[in-house]
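Here is a friendly briefing to read alongside the model. Please keep the structure open as you go.

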Amino acid sequence: MGAHRGILKIMRTLDARFEDGVLKPEGPTGLQAGERVRLLVLRRSNPARWDLTRLATAADEDRALAEAGVAEWADALAAEDRR
């Protein structure tokens with residue numbers, strides 16, 4: 001467990017904004033000038049994309065497509081078994 005604690009000490013989350021091709025931190029970074037870092041970029045979720053009404057209506061369409069795909073897959077497996 002000690003090795004994992006070392007990793008956590010060197011990792012931290014920073015918020016930044018991407019402008020003009022540059023990531024600009026929204027607060028202090030604690031880094032020294034010229035220090036090299038490795039970035040893992042995660043986009044913040046956009047609440048506007050989570051239209052629950054739209055997602056609920058699409059679920060019926062998705063279910064029908066999935067069921068059709070499962071039936072086709074089951075038929076293909078049954079055909080293989082008959083060979």
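Leucine 42 sits in the loop between S2 and H2; helices (H or I, at least four residues) and strands (E, at least two) are DSSP runs, numbered from the N terminus. The model is predicted, so local features need pLDDT of at least 70 and side-chain atom pairs count only at pLDDT 80 or more, while totals for chains, interfaces and linings use all residues. Residues are numbered from 1 along each chain as its sequence is written, and side-chain values use heavy atoms, with hydrogens and water left out.

**The loop**
- Leucine 42 counts as exposed, at 68% relative accessibility (buried is under 20% relative accessible area, exposed over 50%, partly exposed in between, with a 1.4 Å probe and protein chains only).
- From leucine 42 to aspartate 15, the C-alpha to C-alpha distance is 9.9 Å, with the two 27 residues apart in sequence.
- Valine 37 belongs to the loop between strand S2 (22-25) and helix H2 (52-82).
- With a relative accessible area of 48%, valine 37 is partly exposed.

**The lining of the largest pocket**
- Strand S1 (16-19) and S2 each supply at least two residues of this lining.
- S1 gives the most to the lining of the largest pocket, with three residues.
- By class, the lining of the largest pocket has 13 nonpolar, two polar and nine charged residues (Ala, Val, Leu, Ile, Met, Phe, Trp, Tyr, Cys and Pro count as nonpolar, Asp, Glu, Lys and Arg as charged, and the others, Gly among them, as polar).
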